[in-house]
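Good morning, everyone, and thank you for making the time.

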Amino acid sequence: MECILKNQTLIVPEGTVRIGFRDICEIVHGNPVEEILLPQTLEVIEDGTFFDFTEIETINIPANVKEIGSRAFWGLDRVKELFLPGTVEMVKKHAFCNLKGRLVIACDPQNLPTGWDAEFAANVKKVCFTAQE
């Protein structure tokens, strides 16, 4: 997979189904990346993929994502809002831990998918739920 860096935006190409820290760490840590665009084909975001990438301001989680790994979005200081589709089947422990912005989850808070770890959003102060899309 070859990501494209355009200005301060990292574009992960369509056709990518799995992404991990090793796929993007050199690009993100060596450049002032503020936005990451993930493809609609993406299904798995591995453990620690965006761990502590404090410069990122904007990132999307595509509707086709089925699994989000542990600490995948840990410590994103500048992201103001992150939308989590309720169609994600598995969200591992601390996936969004210490997210500074608001985590918007598209599902009923009483009926979280069974594959979501109880501590997926530990230390996230602003969690809200919305109707599933």
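Let us begin with Glu 46, which, once its neighbours within four places in sequence are set aside, is in contact with Arg 18, Ile 19, Gly 20, Arg 22, Gly 69 and Ala 72. Please keep in mind, as we go on, that what you see on the screen is a predicted model.

Is Glu 46 buried or exposed? Its relative accessibility is 16%, and because the cut-off for buried is under 20%, Glu 46 counts as buried.

Now I would like to turn to a second residue, Arg 102, whose place is in strand E10, which covers residues 102-106. Here the relative accessible area is 35%, and Arg 102 is therefore partly exposed, given that this class lies between the 20% limit for buried and the 50% limit for exposed. Leaving out the neighbours within four places in sequence, Arg 102 is in contact with Lys 80, Glu 81, Leu 82, Lys 126 and Cys 128. If we take Glu 81 from that list, we find that Arg 102 and Glu 81 are 21 residues apart in sequence, while their C-alpha atoms are 4.6 Å apart in space.

How many helices and strands does the chain have? There are one helix and twelve strands, and, read from the N terminus, the elements run β-β-β-α-β-β-β-β-β-β-β-β-β. The radius of gyration is 14 Å, close to the 14 Å that the globule rule gives for 133 residues, so the chain is as compact as a globular protein of that length. Along its principal axes, the C-alpha trace spans about 40 × 30 × 20 Å.

Of the 133 residues, 42% are buried, and, among the contacts with a separation of 6 or more, 45% are between residues 24 or more positions apart. The accessible surface comes to about 7,000 Å², with 47% of it belonging to carbon and sulfur atoms.

Finally, a word on charge: the chain has 13 positive and 20 negative side chains, and the centres of these two sets lie 5 Å apart.

Technical notes: Residues numbered from 1 in each chain as written. Predicted model: local features only at pLDDT ≥ 70, side-chain atom pairs only at ≥ 80, totals over all residues. Heavy atoms only, no water. Buried < 20%, exposed > 50% of the residue type's maximum accessible area, 1.4 Å probe, protein only. Contact = heavy atoms within 4.5 Å. Helix = DSSP H or I, 4+ residues; strand = E, 2+ residues; numbered from the N terminus. Rg over C-alpha atoms; globule rule 2.2 N^0.38 Å. Areas by Shrake-Rupley, 256 points an atom, 1.4 Å probe, with all protein chains shown as cover. Lys, Arg positive; Asp, Glu negative; His and termini not counted. Charge placed at Lys NZ, Arg CZ, Asp CG, Glu CD.
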